[in-house]
Amino acid sequence: MKGRRDALRAAGLAATAPLWPAAARGKARPRRVGIALSSGGLHGLVHVGAIRAFQQLGFRPYAIAGCSVGAIAGALWAAGLPADDIEAAALDASWREPDRWRMPRYGFAELARLQQLIEARTNGARIETLDTAFAAVATNLATGRSEILTRGELASAVAASCAVPIRYEPVEIDGRRLVDGALTAPLPVDAARVLGADFVIAIDVAYRPYEEAVTGITGMAFQMFHIMVNQLIAEQVRRADHAIRLDVHSLAMGSGERALIDFGEKVVRDAWPALRRLIGM
């Protein structure tokens with residue numbers, strides 16, 4: 001197991017590289033740093049470790065954009081919560097349970113418990129009042145387009161970003177029915193730029209099609225989704241200034257939640273010397 005973990009860490013660190021050469025060409029180094037946190041389900045616990053490392057290193061981003069599980073972690077970070085509190089929220093799996101048995105209309109469950117969790121931990125905050133500029137990315141069910149949510153109730157925006165179609169009911173915001181942001185922007189680099197960031201660090205922990213063998217019709221459906229998501233991520237990565245792309249499915253299945261959090265912290269700490277030079281700290 002140790003060998004596998006070391007191999008994963010080596011692979012993750014090898015995937016940590018700057019993508020835009022602006023700094024190398026001697027241009028003025030940007031100061032408004034944005035963090036884009038990807039979707040990824042259980043893999044999103046890596047984001048918690050990354051946040052802990054950033055906080056301990058004394059780094060506070062100008063803007064944070066999150067999709068799905070990245071929106072949960074990012075929202076709590078933007079609200080000013082310390083990493084320990086974000087970890088406690090991330091490990092609270094109660095919100096994934098259905099609120100009650102119900103006849104589904106568009107989904108089998110609602111995300112009321114997730115909204116309650118976010119409201120409780122942020123005192124019912126609105127996005128525009130957060131300590132750090134924040135955006136949650138969702139998908140408009142009627143238009144099929146990405147929606148970058150930068151105002152309104154934080155809890156509703158996060159729930160909308162997490163509303164996996166069929167599994168959860170869409171979340172209605174201002175007359176729009178919104179679902180999982182991973183359908184259109186699983187790695188929200190563009191959203192971070194909308195918030196005003198001129199240097200974006202993207203952290204991608206999505207499932208990869210090659211990480212698990214396809215078995216059965218359900219597995220085929222998931223594989224189709226992961227292929228689509230990774231194509232969208234590839235487009236966003238090209239628009240990031242620095243990308244940290246990690247394959248962590250084996251780590252998640254073999255070592256569990258604590259290992260994912262620890263891994264996220266280590267990856268950011270190891271990448272920090274290069275990041276610090278790039279962002280001019």
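Helices (H or I, at least four residues) and strands (E, at least two) are DSSP runs, numbered from the N terminus. The model is predicted: local features need pLDDT of at least 70, side-chain atom pairs count only at pLDDT 80 or more, and totals for chains, interfaces and linings use all residues. Residues are numbered from 1 along each chain as its sequence is written, and side-chain values use heavy atoms, without hydrogens and water.

**Exercise 1. Describe how H2 and H4 pack.**

Solution. 
- Step 1. Find the helices. H2 covers residues 45–56 and H4 covers residues 83–90.
- Step 2. Take the geometry (axes are lines fitted to C-alpha atoms, for helices over the stretch in contact; angles run from 0 to 180 degrees between N-to-C directions). The angle is about 175°, and the axes lie 9 Å apart.
- Step 3. Name the arrangement (under 35 degrees is roughly parallel, over 145 roughly antiparallel, 65 to 115 roughly perpendicular, the rest oblique). H2 and H4 are therefore roughly antiparallel.
- Step 4. List the partners. Leu45, Val48, Ile51, Arg52 and Gln55 of H2 meet Ala83, Asp84, Ile86, Glu87 and Ala90 of H4.
- Step 5. Sort them by class (Ala, Val, Leu, Ile, Met, Phe, Trp, Tyr, Cys and Pro are nonpolar; Asp, Glu, Lys and Arg charged; the others, Gly among them, polar). The contact of H2 with H4 has six nonpolar, one polar and three charged residues.

**Exercise 2. Which side chains make polar contacts with the side chain of Arg52?**

Solution. 
- Step 1. Locate the residue. Arg52 is in helix H2. Arg52 is buried, at a relative accessible area of 9%.
- Step 2. Apply the test (a pair of N or O atoms within 3.5 Å; within protein, one must be able to donate a hydrogen and the other to accept it, and residues adjacent in sequence count only if both atoms are side-chain atoms). The side chain of Asp84 qualifies at 2.5 Å. The side chain of Glu87 qualifies at 3.0 Å.
- Step 3. Widen the view. Leaving aside neighbours within four places in sequence, Arg52 also has contacts including Arg258, Ile261 and Glu265.

**Exercise 3. Is Gln55 buried, exposed or partly exposed, and what does its side chain reach?**

Solution. 
- Step 1. Read the area. Gln55 has a relative accessible area of 29%, so Gln55 is partly exposed.
- Step 2. Follow the side chain. One of its polar atoms lies 3.0 Å from the backbone oxygen of Leu81. The backbone nitrogen of Ala83 lies 2.8 Å from a polar atom of the Gln55 side chain.
- Step 3. Compare positions. Gln55 and Ala83 are 28 residues apart along the chain, and their C-alpha atoms are separated by 7.5 Å.

**Exercise 4. Find the buried face of H5 and what follows the helix.**

Solution. 
- Step 1. List the buried residues of H5 (residues 112–122). They are Leu114, Leu117, Ile118 and Thr122.
- Step 2. Find the cover. It includes helix H3 (69–78), H4 and helix H6 (154–162).
- Step 3. Just after H5, Asn123 takes a positive phi of about 55°.

Technical notes. Contact means heavy atoms within 4.5 Å. Buried means under 20% relative accessible area, exposed over 50%, partly exposed in between (1.4 Å probe, protein chains only).
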